[in-house]
Amino acid sequence: MVKAFVNTDNEILAKAAKNLAHISYGINEMADYQGKLTDSVPYIKCNIKLPEDTINIVSHLTGIYNFENILAAVAVGGYFQVEPEKIKKAIENYLPDNNRSQVVKTKNNTLILDAYNANPTSMKAAISSFEETAYKNKALILGEMKELGKFSGEEHTALVDSVAGKMFDPVIYIGKEYANINIGNAIYFSSTSKLIDYLKVNPIKDKTILVKGSRSNKLEDIYNLL
């Protein structure tokens, strides 16, 4: 019998799985694998109640949205009868790299690197998670989102609107998709190379910076200047 792994905190998924054989996970007390987020700065910490055990996990993942991913991993491991301690060890030993959910401390700043890929959903999740953390002096460097076709203008405008008024300073946008959008007090550069020229003269210091954008922005080229 095919079974689905379902985050029952998501109403749409829970409804879709109602008549399916499934394994549930979430913060809901009725979930087969119930989790509780205990910390998110700098990394996700949580405890998860399995059907017959409870494990406490101290991960190397940043971003509150990764709590859901940890829950899913535990549910899959538990279903396939992996020992709880082995599940815990596997998750805690995972070290993100390649610009995915990395925390990097430089001489001048703390960088939250999530620049391997970007779409409207992941952008919203990353910014929302960053906003909720206890970091001080938060800043944003956001590259454009690629491959959105006819929806590109609409989605980039919605992103800018969602950031407006939030307590980020500075907010920097990179890419031609932002060129015709009213970005208010934010700073705009048509390319990463233009931002590099700016940072050489105007360094950013004492900030925690979320760096997020599609891979083609090559945002990794700015890391050594932050």
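Me: What share of the contacts in the protein chain with a separation of 6 or more is accounted for by residues 24 or more positions apart?
Reply: Such residues account for 53% of those contacts, where contact means heavy atoms within 4.5 Å. This is a predicted model, in which local features need pLDDT of at least 70 and side-chain atom pairs count only at pLDDT 80 or more, while totals for chains, interfaces and linings use all residues. Residues are numbered from 1 along each chain as its sequence is written, and side-chain values use heavy atoms, with hydrogens and water left out.

Me: How many helices and strands does the protein chain have?
Reply: The protein chain has 6 helices and 11 strands, counted as DSSP runs numbered from the N terminus, with helices being H or I runs of at least four residues and strands being E runs of at least two.

Me: Why is Ser152 called buried?
Reply: Buried means under 20% relative accessible area, exposed means over 50%, and partly exposed is in between, with a 1.4 Å probe and protein chains only. Ser152 has 6% relative accessibility, so Ser152 counts as buried. This residue is found in helix α5 and, leaving aside neighbours within four places in sequence, is in contact with Met145 and Glu177. In the protein chain, buried residues make up 43% of the 226 residues.

Me: What makes a set of residues a nonpolar core, and which residues have the most contacts inside the largest one?
Reply: The name is given to a set of buried Ala, Val, Leu, Ile, Met, Phe, Trp, Tyr and Cys residues joined through side-chain atoms within 4.5 Å. The largest such core has 23 residues, and those with the most contacts inside it are Leu140, Leu142, Leu159, Val163, Tyr173 and Tyr178. Two or more residues are given to this core by each of α4 (120-132), β8 (138-143), α5 (152-163) and β9 (171-174), and the largest share, 4 residues, comes from α4. Leaving aside neighbours within four places in sequence, Val163 is in contact with Ile127, Leu140, Leu142, Phe168, Val171 and Tyr173. Apart from this core lies another, of 18 residues, among them Leu113, Ala139, Ile209 and Leu226.

Me: How many salt bridges does a search of the whole structure find?
Reply: The search finds 5, one of which joins the side chains of Glu92 and Lys88 at 2.8 Å, N to O. Glu92 and Lys88 are 4 residues apart in helix α3 (residues 84-92), so about one helical turn separates them, and both residues are buried. Arg215 forms a salt bridge with Glu220, with the closest N and O atoms 3.0 Å apart.

Me: Why is Arg215 called partly exposed?
Reply: Its relative accessible area is 36%, and Glu220, at 24% relative accessibility, also counts as partly exposed.

Conventions:
A salt bridge is a side-chain nitrogen of Lys or Arg within 4 Å of a carboxyl oxygen of Asp or Glu.
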